[in-house]
Amino acid sequence: MKALEANFDGLVGPTHNYSGLSYGNVASAKNQAAPSNPKEAAKQGLSKMKALADMGMVQGVLAPQERPDVQTLRRLGFTGSDQTVIEQAAKQAPKVLAACCSASSMWTANAATVSPSADTADGKVHFTPANLTNKFHRSIEHDVTGRILKATFASPEHFAHHPALPTVEHFGDEGAANHTRFCHQYDEQGVEFFVFGRYAFDSRHPAPKKFPARHTFEACEAVARLHQLDPNKVVIAQQNPDVIDQGVFHNDVIAVGNRDILFCHEQAFLDQQGVYSQLTEKMGGQFNVIEVPTNAVSVEDAVHSYLFNSQLVSLPSGETMLVLPEECRNNLNVWAYVEQLLAEKRGIDKVQVFDLKQSMANGGGPACLRLRVVLNEQERQAVNPSTLMNDALFGRLNQWVDRHYRDSLVEADLADPQLVMESRTALDELTQILSLGSVYPFQRA
């Protein structure tokens with residue numbers, strides 16, 4: 001049955017701010033304490049979604065998390081009314097409050113790992129929410145992420161939902177930011193490519209020295225088992241520890257793939273040639289590696305421009321398009337390479353550039369904002385239709401943003417008790433727009 005790859009982008013939440021919570025993410029640290037613009041951030045993301053939908057792509061929307069996360073603050077010992085809880089946290093533990101206000105769920109590349117039905121033994125699309133144990137502000141997401149995914153992909157006949165892996169560092173799982181699925185046609189069995197930063201149970205292997213390796217080998221193995229994948233169609237590779245220490249906190253900051261193309265930096269993996277050999281063999285010998293040399297684009301340029309934190313998509317025309325942030329065009333080395341790549345016709349036919357400055361300033365580019373889901377026609381029909389982008393939804397969501405989002409937010413604003421009411425009012429309305437039901441803690445209280 002014919003299949004396609006859909007993109008489900010995270011909608012930026014009302015508390016989008018720059019608190020610098022993600023150690024190892026260069027952009028996040030650089031812009032700490034700068035004022036953010038939640039309204040602009042949400043609209044930039046919506047514009048990208050709509051543009052891809054207009055190109056004929058199937059484009060969905062994933063709802064943000066409830067923030068401030070008052071439930072987590074209560075688990076940490078703050079008591080009283082919601083307003084009192086926030087006031088106490090602001091005075092006693094402002095960094096904890098900032099973490100519980102993070103809008104980081106916008107980066108749905110970290111929402112889950114997804115395996116299509118063509119790859120799984122039971123013929124269903126499998127979802128495992130990422131536990132994101134390395135960062136507190138992200139580790140509190142997976143329960144609601146699972147609820148949102150179940151409300152979006154609800155049919156038990158077509159979709160299988162797993163709980164997150166155990167929330168300990170040994171099974172640190174960063175989701176699809178470290179996972180790529182290769183294939184010749186979307187409806188054929190593919191090769192699932194998992195990338196990790198370190199071994200949790202064997203310290204003899206190389207590991208980064210400066211920044212944390214967030215994803216473990218053991219997590220990759222566990223998700224592959226849960227998703228009932230054929231071991232002969234799985235490749236698990238270690239990320240180069242040296243580039244993690246240069247700010248490559250996820251594989252999607254140094255590599256991106258689609259169908260039979262891997263577009264990556266020459267320093268992406270610990271055993272680069274071994275990775276290429278495994279992928280080529282398991283793809284049946286037909287595999288296109290586009291390796292970017294360091295003398296053309298340095299790791300530093302890759303990190304600052306997010307050349308590889310791009311979307312590599314197959315258009316209905318059959319062309320392959322690279323979706324880039326504006327920062328790539330502003331980097332002379334990167335843009336010179338992109339122009340050369342197009343001229344050489346090595347498998348990427350065109351590029352599309354988007355202004356995503358609000359997300360980029362917090363360390364997330366086009367690839368961070370989307371979760372890829374391969375669907376055949378029956379599975380596509382089983383997706384919650386209210387979450388699929390079209391003219392009407394684009395208009396409703398823009399109006400919704402205009403009604404509920406602030407134009408400016410700084411860390412001190414997170415203590416404003418009005419913010420929690422604004423956010424809950426917005427999200428309650430959003431669940432009706434997207435037909436999600438009661439997915440948030442405040443709705444289930």
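Let's start with the lining of the largest pocket, which by class has 7 nonpolar, 4 polar and 6 charged residues (Ala, Val, Leu, Ile, Met, Phe, Trp, Tyr, Cys and Pro count as nonpolar, Asp, Glu, Lys and Arg as charged, and the others, Gly among them, as polar). This is a predicted model, where local features need pLDDT of at least 70, side-chain atom pairs count only at pLDDT 80 or more, and totals for chains, interfaces and linings use all residues. Residues are numbered from 1 along each chain as its sequence is written, and side-chain values use heavy atoms, leaving out hydrogens and water.

Stay with this pocket: its volume is about 410 Å³. Select Lys 2, Ala 3, Leu 4, Tyr 186 and Pro 316, the closest to its centre of the 17 lining residues. A pocket here is an open set of points on a 1 Å grid over the protein atoms alone, where a 1.4 Å probe fits, with protein on both sides within 12 Å along at least five of seven lines; lining residues have an atom within 4 Å of a point.

Next, select Asp 69, Gln 71, Thr 72, Arg 75 and Ile 140, which lie nearest the centre of the second largest pocket, among its 16 lining residues. About 290 Å³ of space lies there.

Last stop: colour helices α2 (residues 38-54) and α16 (residues 391-404), which pack at about 175° with axes 10 Å apart (helices are DSSP runs, H or I, of at least four residues, numbered from the N terminus; axes are lines fitted to C-alpha atoms over the stretch in contact, and angles run from 0 to 180 degrees between N-to-C directions). Therefore α2 is roughly antiparallel to α16 (angles over 145 degrees).

Methods
Points joined across faces, edges and corners; volume = space filled by probe spheres on them. Helix = DSSP H or I, 4+ residues; strand = E, 2+ residues; numbered from the N terminus. Parallel < 35°, antiparallel > 145°, perpendicular 65-115°, else oblique.
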